Amino acid sequence: VTDDSYIFYTGKSVNFKPGYEDYWGAELMIIDRNNTDSIRRYIPVDKELYPVNEGHTTITDNAPLTPLSDSYTLHYNFTDYIFSVDCKSGAVKVKYVVDYGKNAYTDNLADMPAMDALQYIGTHPEKTGWTHQVIETDALLTFMYAHNKWQYIYFNDKATGKTLNGPFVTDIASSNVVHGFIDDRTMFSYIEKKSSLNEGLADKGIRINGLERLDNVTENDNPIILIYHY
C-alpha cells in the first residue's frame, strides 16, 4: 500500500489478456486509492518466452519493499544485499550485507533460475543462506533464511541491538512467516486454521488474547489474522 495506490501482484494461468487464450503469466495491478475504478495493469511476461503448458516457478516476497520514515527498504530474493531507497531523491544504496560466515552457500543463488536455486538449497542442508521476506520498520529488522531444511527468522530490535528469534514467529505461528507490519512494533501474519498455532505456548510464557474465539472457526472463516505487539 502506498499513499495513493493499492498494489497487487498475482500469478495467473488463465486468459486475462484479449487474444491470449493460451496465455500464462503474471500481473501487476495498481488501483488508485482515491478512485478505485482507475486500474492499471502490467503484464511482465512474454508468451513467446514462457509458452503455455510448460512448468514455471515464480519466487516472490510478501514484502519486497517496506516504508520507513524517510526511505524504503528494498530486497531482491536470493541476494544477501538489502538496499535503501531515499524517499526524496530516489537514490539507492546498500544498507545491510548479510554474512552467513563459513556455512554460507558457496554459489550465488541470484544467478540461478529459481528451480535450480531451490534445488541447490535442498541438496545443501548443512549450509545457510537464502535471505528473504525482509521487513524493516524504524524499530525492527527481520528477515528469513534457510538452514538444515528449515526456515528461521532473524529478528533485531534496533533500540537495544538485541537479536533473537521473533517471539511471535517461531513460537506462535508454525508457518514462520511475518506477512507485514502495522506500525513500528506491531506486525501481522495469517493462518488458515487454528492447528497452525504451536502447542505449549503457556510453557513458553506466551499468551494469545482472544484465542478462545478460534474454537468455532470453520474453513469459511479463513484466513485468521494474527496481530503481534512486540
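1. A residue counts as buried when its relative accessible area is under 20%. Y100 has a relative accessibility of 16%, so it falls in the buried class. The model discussed here is a predicted one.

2. Overall make-up. The chain contains one helix and 14 strands. Of its 230 residues, 35% are buried. The exposed surface comes to about 14300 Å², and 50% of that is supplied by carbon and sulfur atoms. Among the contacts with a separation of 6 or more, 43% are between residues 24 or more positions apart.

3. Aromatic pairs. There are six of them in the structure. In one, the ring centres of Y100 and Y145 are 5.9 Å apart and the planes meet at 45°; the pair is therefore tilted. Y100 sits in the loop between β7 (92-97) and α1 (114-123), while Y145 belongs to strand β9 (residues 140-147), so this pair ties together parts 45 residues apart in sequence. Y152 joins Y100 and Y145 in a cluster linked by ring pairs.

4. A second pair, Y105 with Y120, is edge-to-face, with 5.5 Å from centre to centre and 80° between the planes. Y105 is in the loop between β7 and α1 and Y120 is in helix α1, so far as sequence goes 15 residues apart. Both partners are buried by the cut-off in point 1: Y105 has a relative accessibility of 12%, and Y120 has a relative accessible area of 8%.

5. Opposite F181 stands M187 in β13.

6. Where is T73 placed, and what does its side chain reach? T73 is in strand β5 (residues 71-75). Its relative accessible area is 2%, so T73 is buried. The side chains of T73 and E136 are joined by a polar contact of 2.5 Å. Beyond its neighbours within four places in sequence, T73 is in contact with several residues, including P64, L65, I82, F83, K95 and V134.

Key:
Residues numbered from 1 in each chain as written. Predicted model: local features only at pLDDT ≥ 70, side-chain atom pairs only at ≥ 80, totals over all residues. Heavy atoms only, no water. Helix = DSSP H or I, 4+ residues; strand = E, 2+ residues; numbered from the N terminus. Buried < 20%, exposed > 50% of the residue type's maximum accessible area, 1.4 Å probe, protein only. Polar contact = N/O pair within 3.5 Å; in protein donor to acceptor, adjacent residues only side chain to side chain. Contact = heavy atoms within 4.5 Å. Areas by Shrake-Rupley, 256 points an atom, 1.4 Å probe, with all protein chains shown as cover. Pairing = 2+ DSSP bridges. Phe/Tyr/Trp six-rings, centres within 6.5 Å; stacked < 30°, edge-to-face > 60°.
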